Structure formats: C-alpha cells, structure tokens
Amino acid sequence: MKCLFIPGGSPATIFGLVPLAQAVRGAGHDVLMASTEDMMPVVTATGVPAVAVTPHDIWHYITKDREGNLKEIPGDLERQGPFVGRWFAQMGADGLPVLLDITRGWRPDLVVGGSMSYAAPLLAAHLGVPYVRQAWDTDDSNAQDRGAEAELRPELRALGLTRLPEPDLRIEICPPALTPPEAPPGRLMRWRPGNTQRAVEPWMLTRGERRRVCVTAGSRATPERTFTFLRGLVEQIAPLDVEIVVPAPEELAARLRAELDVRTGWIPLDVLAPTCDLVVHHAGGATTMTAMDAGVPQLIIPEAVVFDAPARRIADFGAALTMSPDAATPERVAAACERLLNDPSYSERARALSREIAALPLPAEMVGELEKLAARAPA
C-alpha cells in the first residue's frame, strides 16, 4: 500500500499526523508526506519521507490572497473561522498541481489529510482513491470548512462538485468527554505525540524541589510575534515560587535567556509535560493535546478567537482555566495559576481526561482500516 499524508504548513499539523504515518510505515507500507518547503526539515526530523509542494509558508497564505493582495485578518469569531478555512484552502489549491504531478509517478492507494488539509480531498477525487480525514486537534473545523468551500469553488467546479468530498473514513482524537454533540461521527484514535526530539537532559525526566510550570507559545513561536507574550507570562508567574520552563525555538529561547532566569530551548514537550504541575499556553492544538495526555491542568490564553470554543470545553470539564489575551493582566494570570496549582480538583479532572485518551485505540490499530480502504483503490 502507498499512503500519501498531507498535513498543514505548520509543525503542529505535521506532528498530529506523524504517529499514524509511522504506524503505517511500520506495518510495511510506503509512506510519503507532502507539506510546504519550509516544513521539510520538520517532517524529515520525525523520520517520515517528505516532499515539498509549495515554496510559500503559512504566513503568505494568511496575509495575501491568490492575486497577492494583502488581507485583513478579522478579529471576531463569526468571520475568523471561515477566514482560517479560506487561507488553508488557498494553500491546498496552490499545492494541488504539484501533487497531481508527483502522483503521476508515485500513485497513492490512499490519501490521508489533516483537519484542514483541503488538498487531500481534492487530490483523492482527482485520482479516484479513498480519502481519510484525521483530526489533529479537538476543534470540529465546521466554520473553516465553510470558508474553504467558498475559496475552492474553481477547484470544486473542475471536479463537478459543489461541496468538499466527504471522507471515506473520519478519524477523531478528541476524548469523548469533550466531544460536542453536533460533531460528525468518526472512528476514535488515541492521540500520541509526533514532535521532533533532541537529546534529553536528566532534569527533564523528573520533578524538582519546586512545582514546575511550563509556559509555551508552541513550535511556531518567534521573537517578533511572541517574545513579549512569553516574557510577560514568566514575569507574572515568577512570584509564585515555582520552577518555570519555557519550551521554545532556539532563536526565541536565546532572547528569553538573556532577560529571564528560566530554563528554555527546544525541549520535547511530551517528555517534559508529565513532570509539570501546570501548562500555560496559547491554545495550540499540539500543546493542548500534550497537556491533556499527560494529565496536567492548563491555563489557556487563546491567541485567536477561533481557539476559544475548544479551550472552553476543557475549562467546562474542570481541567483548565481560560482567559482572553486582553484579560490576562499580571494579577489575573497569577491568581489563575495559583488556583490551578492549589485546587486538587483541576488535577483530578486533568487525569480523568488522560485516562480517556489512554483508553482509545492506538494508531497501529487503525492500519487495518486503512488497508481495507486502500484495497478499493483502482489499479
């Protein structure tokens, strides 16, 4: 079986699909992952063969339309969801011609796409092969899908379609306790970390004398975008007499080390999280899932309103607190962290989510389902 995986153009979207890709490859099948040129080092660092299908990074698609005109990024929820779907769709449409060219020589029996990897259903429809949609976080992406369909009208028309093709198999990773009632049915799969690694230092594996708080803005964090955000969080939490660890790309970590007394750098979050008492973050999907998998309470400060609903579901379950960036004053952040650290109910609810995740079928158990679908592909 040949299986083509198509994530988005960011590390988190890649990390979400890597465990299933590795399970398929480990079962003896051929695997290829397609993403943007700047993500090639990320994919290859996970051990999955990779091919670039567009030279642009995600910021090109976020900020410019197909004609190269600058876009206005909406700040309200009603417009932001469709906007996100449109730029993901624009990225998918841009990579589709390259994918069609690649698959003339390397024809897949199956295409697996992430939640908003809109090139995946289009490519599968062109090739007449099954399409699998695998969630990379707990968001349902309904609003994004509506925006994508509007953006992809030319590509859908070329296929004789008015809507995005439905997947032949939908794989979800959201623990049942957090799944909204309106979510479409799908096969549940256990989330596993798929991030890149580095040499682990002993301190990352064990708890220290003080409670440990992880503060992160994810793998896309840059000095320009997130230095002020992270520095502010560290300064707000420091008076609580806790050990603060900041996983961050090295360029950003170097600036943080120059101004703050914290451990920081490219620290594998899946290794660190089980030793933490709290994770404070921006609502990124991979970070959120890593904290839930480790059974650690979270303070979630969504960097975009589109992340509000998934964060609120975790808070409503009792495993997190959430607040908007505008509301994240030093006093409120410190009070929220103190509450999460000192009220045992948050840890208990976080551990309950972790047990739910651990009870779901592993990626390796999905391989048989993919094999059955691939058997339907035309020779």
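## The D76 and R79 pair

D76 is partly exposed, with a relative accessible area of 28%, where buried means under 20%, exposed over 50% and partly exposed in between, computed with a 1.4 Å probe on protein chains only. R79 is likewise partly exposed, at a relative accessible area of 45%, and the side chains of D76 and R79 meet in a salt bridge with an N to O distance of 2.7 Å; such a bridge is a side-chain nitrogen of Lys or Arg within 4 Å of a carboxyl oxygen of Asp or Glu.

This is a predicted model, in which local features need pLDDT of at least 70 and side-chain atom pairs count only at pLDDT 80 or more, while totals for chains, interfaces and linings use all residues. Residues are numbered from 1 along each chain as its sequence is written, and side-chain values use heavy atoms, with hydrogens and water left out.

## Salt bridges across the sequence

The structure holds 19 salt bridges. One of them joins E155 and R66 at 2.8 Å, N to O; because E155 lies in helix α7 (residues 153-158) and R66 in the loop between α3 (58-63) and α4 (77-105), this pair ties together parts that are 89 residues apart in sequence. Helices (H or I, at least four residues) and strands (E, at least two) are DSSP runs, numbered from the N terminus. E155 counts as buried at 16% relative accessibility, whereas R66 is partly exposed at 37%, and R66, R86, E151 and E155 are linked in a network of salt bridges.

D293 forms a salt bridge with R192, their closest N and O atoms being 3.5 Å apart. D293 is in helix α11 (residues 285-294) and R192 in the loop between β7 (187-188) and β8 (212-216), so the pair connects parts 101 residues apart in sequence. D293 is buried, at 18% relative accessibility, while R192 is partly exposed, with a relative accessible area of 28%.

## The parallel sheet

An open sheet is formed by 6 strands in the order β10-β9-β8-β11-β12-β13, with parallel pairing; two strands pair if DSSP finds at least two bridges between them. β10 (263-265) and β13 (320-322) stand at the edges with a single partner strand each, so one side of each has no neighbour in the sheet. Strand β9 (residues 243-247) pairs with β10 in the parallel sense over 3 bridges, and the bridge partner of V246 in β10 is T264.
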